[in-house]
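Dear colleague,

I am handing over the structure we spoke about, and below it I have set out what was found. Please read the notes with the model open beside you.

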Amino acid sequence: MKKEGFLYRIFDLYYDGFRNMTLGKTLWAIILIKLFVIFVILKVFFFPNFLQSKVASGEEADYVSNELAERSQ
């Protein structure tokens, strides 16, 4: 890459910023841990796959359409 190029200057800005960061690294670690908890742990325990437990494979669309029709009445 050219050292005067636009993309190089953008990369250098972020690279230098993250390299000199002290408190920011801790904050990024906290953010990543929170995202892991939100998307992995909560999904496993609070959002089970209902279709897999109630419907045979291949009949998911029929089940969902029947449920929507019943709830709209």
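In helix α4 (residues 60–72), E67 and R71 are separated by about one helical turn, because they stand four residues apart. Please keep in mind throughout that this is a predicted model.

These two residues form a salt bridge, in which the closest N and O atoms of E67 and R71 are 3.7 Å apart; the cut-off for such a contact is 4 Å. With a relative accessible area of 24%, E67 is partly exposed, whereas R71 is exposed, its relative accessible area being 67%, which is over the 50% that the term requires.

The structure holds two salt bridges, and another pairing of this kind joins D16 to R19, with 3.1 Å between the closest N and O atoms. Both D16 and R19 belong to helix α1 (residues 6–19), where they lie three residues apart, about one turn of the helix. D16 is partly exposed at a relative accessible area of 33%, and R19 also counts as partly exposed, with 47% relative accessibility.

Conventions. Residues numbered from 1 in each chain as written. Predicted model: local features only at pLDDT ≥ 70, side-chain atom pairs only at ≥ 80, totals over all residues. Heavy atoms only, no water. Salt bridge = Lys/Arg side-chain N within 4 Å of Asp/Glu carboxyl O. Helix = DSSP H or I, 4+ residues; strand = E, 2+ residues; numbered from the N terminus. Buried < 20%, exposed > 50% of the residue type's maximum accessible area, 1.4 Å probe, protein only.
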